[in-house]
Amino acid sequence: MDRRMARALRIVVWLLACALAPWPALGAQPAVPFELALLPADVPDQSYQFVRSPQAQTLFHAVPGASILVRGRQARWWRLTALRDIDPGGSPQLVMSHPFLKRMEVWRPGDSLGVRRALYGPDSDLSHSALSHVVPLPQGLRAGESVYLRIRSSSNVVSTLSIEPLAAVYARDGAYNRMRTFFLTALGVVALLSIGFSISLRQRGYSYLAATLLTQVITLAIEGGDFRANPWLSAIATDRRTAILLNTAAVLASVRFLRFFLDLPATQPRVTRALDACSAVLGTLLVVSVFHIWPWTSFFGNGVLLIVIATIVLACVRAIGERRPEAFILLAAWAPLMTVLVVRIGGQAKWWPNYEWLRSAYPWAVTFGGLALLWGFTHQHGAILRSAVRQLSRDRDSARQRAAYDGLTGVLARPAFEDALATAVAGAHASGRPLCAAFIDVDRFKLVNDAYGHAIGDEVLRIVAKRVGNRLRADDCLGRYGGDEMVLLLPNTALVEALRLADQLRQAIVASPFAIDGALIDIDLSLGVAQLRAGEPAVELLKRADSALYASKRNGRGRVSGDEEWTQVAS
């Protein structure tokens with residue numbers, strides 16, 4: 001195992017240790033100042049009047065500690081009896097944790113009507129956060145006095161009762177709100193960045209990650225009571241189907257993201273088929289849950305989720321064995337969340353208790369997973385983006401190359417040649433050195449096209465360009481000007497020398513026939529040469545060279561003509 005792999009494994013282990021560390025530190029807990037008791041569900045009379053009667057007191061069963069769990073949908077009665085005086089001076093508050101999907105009615109000593117609390121609906125208490133249900137005890141409690149609570153729950157998460165000063169409740173509310181702001185903001189930012197990755201990299205897989213994170217944001221917002229001020233949103237939040245739909249959609253989106261991120265269809269087809277089967281089952285469950293929810297729906301969905309988690313771990317381990325860094329990123333990011341999900345599912349299935357720390361662990365794990373994946377994207381795609389930039393640079397250079405050179409002959413295209421000509425003319429004027437331009441034209445090229453076809457004519461132009469190019473000096477420049485005409489630049493060359501070089505070039509090219517597709521074709525060239533004059537623009541130089549070329553044509557073709565002396569060198 002190389003150093004990078006060992007370092008990545010250490011990071012994974014460290015992250016898991018941080019995720020699974022005790023949430024708060026477990027130490028000596030303060031003594032509970034009350035005794036808790038539960039009225040059996042089979043007592044026929046569950047009215048408040050009977051519950052307070054002396055006959056009912058003997059029916060309550062003592063419950064150790066301060067934790068309560070309401071199983072089933074029937075409201076249950078609890079009795080809280082003070083073991084010592086609770087002074088009203090600190091504004092004591094009766095607090096019940098984990099209020100989501102739980103309704104509570106509280107009868108304090110002397111109350112004729114109960115105080116109702118719910119996370120959503122008309123009984124919601126907006127003066128406190130959604131961290132807990134809070135009921136004031138303005139008179140405090142004397143030792144032996146009892147408070148009666150009727151609790152109805154659709155959740156199997158354990159709640160804890162406590163009596164705390166109002167200042168402590170507000171302080172915890174503030175910390176809870178700050179923490180939730182961090183969670184929701186971080187997840188929202190990562191979701192938006194995932195959408196940005198999807199758009200900028202044109203990779204649809206990142207949109208699945210964004211969908212996963214956004215569904216988790218909505219889930220956390222619902223569980224945190226962020227929709228309780230709006231009656232319409234409150235109705236959606238309290239509908240049992242909402243949680244099932246959101247959680248199922250999150251799992252489906254995360255599976256699609258996993259397929260993309262680890263390229264499972266190509267690298268692990270069996271794992272892909274297993275995940276596709278789980279996705280089909282969950283998709284069916286999602287559609288069915290829109291219309292009806294059975295008692296086993298949650299249990300069945302959690303079972304499929306456990307299979308998905310096991311499959312994800314297997315896929316990551318296999319990819320790690322192939323030394324794929326993205327697998328390290330994914331496992332490190334999702335391991336805490338998958339662990340928390342397994343613990344939550346086990347608690348709901350009564351395999352072990354519903355631990356108190358799960359309330360904080362779940363949003364932490366979700367947020368950590370999102371931020372870790374963001375870091376992973378930055379780390380992994382930094383190299384990809386740099387490679388993409390280099391490829392774009394190469395593509396740009398290649399495009400410039402294609403634009404600069406003629407596609408048929410391989411010599412400079414007209415725009416690029418005109419740029420080279422302008423540079424050469426400016427240099428010649430600045431240095432005072434001579435510069436000549438020579439037009440080259442294939443004689444009777446139209447007859448070649450008519451006799452042999454345009455494909456043969458194109459090949460003639462390629463051969464002419466190649467033979468001319470093979471005889472150029474280092475500073476010479478050849479470009480195709482249009483049709484069968486080419487232009488040759490001869491820097492540092494006076495007209496007499498340019499005429500000699502042009503004639504040597506013509507004779508070398510036409511000395512042997514062109515053998516093309518079994519045909520021998522005799523080709524001749526006409527050239528016109530002109531030398532740059534002092535202060536003359538490039539266009540005038542080309543105009544005089546073109547005039548010299550037409551002089552060669554008029555005088556019988558197959559020759560080189562100079563503009564100034566009208567010198568002709570016959571073939």
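1. Let's start at W294, which sits in the loop between α9 and α10. (Helices here are DSSP runs of H or I with at least four residues, numbered from the N terminus.) W294 counts as partly exposed because its relative accessible area is 34%, and that label lies between buried, under 20%, and exposed, over 50%, with a 1.4 Å probe and protein chains only.

2. A word on the source: this is a predicted model, where local features need pLDDT of at least 70 and side-chain atom pairs count only at pLDDT 80 or more, while totals for chains, interfaces and linings use all residues. Residues are numbered from 1 along each chain as its sequence is written, and side-chain values use heavy atoms, leaving out hydrogens and water.

3. Now look inside. The largest nonpolar core has 52 residues, and F257, L262, V308, L330, W334 and L373 touch the most other members. Such a core is a set of buried Ala, Val, Leu, Ile, Met, Phe, Trp, Tyr and Cys residues joined through side-chain atoms within 4.5 Å. Several helices supply at least two residues each, including α4, α5 and α12; the largest share, 13 residues, comes from α11.

4. Which residues does W334 contact, leaving aside neighbours within four places in sequence? They are S254, F257, I312 and L373, where contact means heavy atoms within 4.5 Å. Another core, of 32 residues, lies apart from the largest one and has V411 and C436 among its members.

5. Finally, visit S198 in helix α4, residues 166–200. S198 counts as buried because its relative accessibility is 14%. Not counting residues up to four places away in sequence, S198 touches Q203, R204, Y206 and S207.
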